[in-house]
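Reader: I am new to this structure and would like to learn how to read it. Could we go through it feature by feature?

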Amino acid sequence: MSRLTLCSRCLRFQRDIPHNGAIWKALCVRQQHGSSDSVDTNNYDKLYPGHIPTNPIQKALLAVGSGVAALQNPYRHDMVAVLGETTGHLALVNLRDRMRSDPEGYTILTERPRIRLSTLDLSKMASMPDGSFGREYLRFLEDNHVTPDSRADVKFVDNEELAYVIQRYREVHDLLHTLLGMPTNMLGEVAVKWFEAAQLGLPMCILGALLGPLRLNTSRLQTLVTSLGPWALQNGRHARCVLSIFYERRWEQNLEDLRQELNIDPPPLSLTNHRKTNESEITS
């Protein structure tokens with residue numbers, strides 16, 4: 001049997017999504033690289049920097065491969081990112097329309113702000129009073145040893161505006177942790193996913209909300225089901241669209257005031273992340 005050589009287009013897939021080589025041969029089929037695709041590729045390549053054009057079959061294969069990898073390791077953010085991009089078209093259209101109908105959301109879509117270390121004034125945020133949104137967000141980054149620059153750039157969304165919407169979601173995710181008072185341990189991540197599933201309707205978030213509890217021990221699962229879960233779902237359903245907030249202009253706003261504006265109740269429990277044990281301390 002002759003060995004299949006990956007074409008240059010599939011080599012780009014393999015480079016951008018490592019450790020899932022089993023799906024590349026399925027992707028690299030001659031019929032999927034015919035003349036009809038080449039026209040679309042030329043158009044798609046102009047959408048935004050880094051965009052990789054894919055047809056529906058390729059998106060389905062990428063969704064399956066990334067879904068399996070993300071299930072095996074929920075902290076594989078690259079796989080979670082691919083899953084979100086290849087399954088979320090309808091939800092992204094709905095979110096884009098919700099942002100367009102909100103004056104603040106419309107401004108975000110127009111100005112396209114990015115939340116990166118290069119756009120944050122960390123010194124100014126550190127000088128803000130305790131309880132301000134900017135100071136509490138900086139404390140979240142420090143306490144959980146995370147950075148906004150860890151969010152991957154979008155590659156597989158075939159619409160430039162929708163690509164920005166999902167990029168905005170990724171960069172807002174840590175802000176939601178701050179708003180919801182949830183750390184980055186598994187219980188905190190699952191609680192945020194329950195909120196996002198109810199609020200955003202992205203298939204990736206719904207899948208995470210359904211499968212995430214399987215990784216919790218009995219006591220954490222009980223906490224989720226009896227307290228954090230119902231709180232997250234209720235607030236996700238009733239809160240203002242979290243993508244329609246220009247957070248970069250809200251750093252000095254009091255966190256509790258911002259929660260009230262967004263119709264988000266304070267968390268019923270306080271979770272403290274313990275990085276050494278990857279567990280959480282729960283206090284009432």
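Author: Let us start with a single contact. This is a predicted model, and in it the side chain of Thr 86 reaches the backbone oxygen of Leu 83 at 3.4 Å.

Reader: Where does Thr 86 lie?

Author: Thr 86 is part of helix H5, which covers residues 77–87.

Reader: Is Thr 86 buried or exposed?

Author: The cut-off to keep in mind is that a residue is buried under 20% relative accessible area. Thr 86 has a relative accessible area of 14%, so Thr 86 is buried.

Reader: Which residues does Thr 86 touch, leaving out those up to four places away in sequence?

Author: Thr 86 touches Lys 59, Leu 62, Ala 63 and Phe 156. Take Leu 62: 24 residues separate it from Thr 86 along the chain, and the C-alpha atoms of the two are 7.0 Å apart.

Reader: What does the chain contain as a whole?

Author: The chain has 14 helices and two strands. It has 284 residues, and 50% of them count as buried. For contacts between residues at least 6 apart in sequence, 71% join residues at least 24 apart. The accessible surface is about 13800 Å², with 54% of it belonging to carbon and sulfur atoms.

Reader: How should I read a nonpolar core?

Author: In soluble globular proteins, nonpolar side chains tend to be buried together. Here the largest nonpolar core has 64 residues, and the members that touch the most others are Leu 202, Leu 228, Leu 243 and Tyr 247.

Reader: Which element gives the largest share of this core?

Author: H10 does, with eleven residues. Other elements that give two or more residues include helix H6 (89–100), helix H9 (133–144) and helix H13 (218–238).

Reader: What does Leu 243 touch, again leaving out residues up to four places away in sequence?

Author: Among the residues that Leu 243 touches are Leu 95, Met 99, Ile 108, Val 165 and Leu 200. Arg 168 and Tyr 169 are also among them.

Reader: How is a pair of aromatic rings described?

Author: By the distance of the centres and the angle of the planes. A search of the whole structure finds three aromatic pairs. In one of them, the rings of Phe 133 and Tyr 247 have centres 5.8 Å apart and planes at 40 degrees, so this pair is tilted.

Reader: Why does the pair of Phe 133 and Tyr 247 tie together separate parts of the sequence?

Author: Phe 133 lies in helix H9 and Tyr 247 in the loop between H13 and H14, so the parts tied together are 114 residues apart in sequence. Phe 133 counts as buried at 0% relative accessibility, and Tyr 247 counts as buried at 0% as well.

Reader: How is the pair of Phe 133 and Trp 251 arranged?

Author: This pair is stacked, with 5.4 Å centre to centre and 20 degrees between the planes. Trp 251 lies in the loop between H13 and H14, so its pair with Phe 133 ties together parts 118 residues apart in sequence. Phe 133, Tyr 137, Tyr 247 and Trp 251 form one aromatic cluster.

Reader: What sits over the ring of Phe 246?

Author: The charged end of Arg 249 does, 3.9 Å from the ring centre.

Reader: Which side chain makes a polar contact with that of His 51?

Author: The side chain of Asp 158, at 2.6 Å. His 51 is in the loop between helix H3 (35–44) and helix H4 (56–72). At 2% relative accessibility, His 51 counts as buried.

Note on methods:
Residues numbered from 1 in each chain as written. Predicted model: local features only at pLDDT ≥ 70, side-chain atom pairs only at ≥ 80, totals over all residues. Heavy atoms only, no water. Helix = DSSP H or I, 4+ residues; strand = E, 2+ residues; numbered from the N terminus. Buried < 20%, exposed > 50% of the residue type's maximum accessible area, 1.4 Å probe, protein only. Contact = heavy atoms within 4.5 Å. Areas by Shrake-Rupley, 256 points an atom, 1.4 Å probe, with all protein chains shown as cover. Polar contact = N/O pair within 3.5 Å; in protein donor to acceptor, adjacent residues only side chain to side chain. Core = buried A, V, L, I, M, F, W, Y, C linked by side-chain atoms within 4.5 Å. Phe/Tyr/Trp six-rings, centres within 6.5 Å; stacked < 30°, edge-to-face > 60°. Lys NZ or Arg CZ within 6 Å of the ring centre and 35° of its normal.
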